[in-house]
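Keep it short and by topic.

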Amino acid sequence: RCLALNQTVVPNPERDRNGRITYKSSSPDEEALVKAAQELGVTFTTRDADMLAIDVRGQVERYQLLNVLEFSSSRKRMSVIVRDRRNGKLLLMTKGADSIIYARLAPG
């Protein structure tokens, strides 16, 4: 879910020759991660003003997009804060350089 939601990719209305959603992205890395999630059964389907939707093996999940903390060379990470529409839980999803992420993990 994190690979499919923590990004700024936009789904295109056109499908590829295999019927899969195609994407527009300013970052080839982000597009590659979204496509990897798609290969694993988690397809990013919709981006509206404040809503993201994914299809997880046939089940649609919707998330309210609350904030995007963009990647920068100084932060070396990107985060999104979303609210799961199914249960109201807030989720912080972060991706970035291993050295930055590992340094912020709690022991244990």
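M78 stands opposite K95, a residue of strand β7. Strand β6 (residues 77–84) and β7 run antiparallel and are joined by 7 bridges. Strands are DSSP runs of E with at least two residues, helices are runs of H or I with at least four, and both are numbered from the N terminus. Two strands count as paired if DSSP finds at least two bridges between them.

This is a predicted model, in which local features need pLDDT of at least 70, side-chain atom pairs count only at pLDDT 80 or more, and totals for chains, interfaces and linings use all residues. Residues are numbered from 1 along each chain as its sequence is written, and side-chain values use heavy atoms, with hydrogens and water left out.

**The sheet**
- The open sheet has 5 strands, in the order β3-β4-β5-β6-β7, and the pairing is antiparallel.
- β3 (42–47) and β7 (90–96) are the edge strands, each pairing on one side only.
- From one strand to the next, the twist averages 35°. Axes are lines fitted to C-alpha atoms, for helices over the stretch in contact, and angles run from 0 to 180 degrees between N-to-C directions.
- In a regular strand, side chains alternate between the two faces of the sheet.

**Strand β4 and its neighbours**
- β3 pairs with β4 in the antiparallel sense, over 5 bridges. V42 stands opposite V56 of β4.
- On to strand β5 (residues 59–69), β4 makes 6 bridges, and the two strands run antiparallel. I54 has E61 in β5 as its bridge partner.
- The hairpin of β4 and β5 has 2 residues between the strands, and R57 takes a positive phi near 50° there.
- Strand β4 (residues 51–56) is largely enclosed by the rest of the structure, because 5 of its 6 residues are buried. Buried means under 20% relative accessible area, exposed over 50%, and partly exposed in between (1.4 Å probe, protein chains only).

**Helix α2 on the sheet**
- Helix α2 (residues 28–39) packs on the sheet and touches β3, β6 and β7. Contact means heavy atoms within 4.5 Å.
- The direction of α2 makes about 125° with that of β3.
- E30 lies in helix α2. E30 is buried, with a relative accessible area of 9%.
- Not counting residues up to four places away in sequence, E30 touches Q7, T8, V9, S25, M78 and K95.
- M78 and K95, both touched by E30, stand opposite each other.
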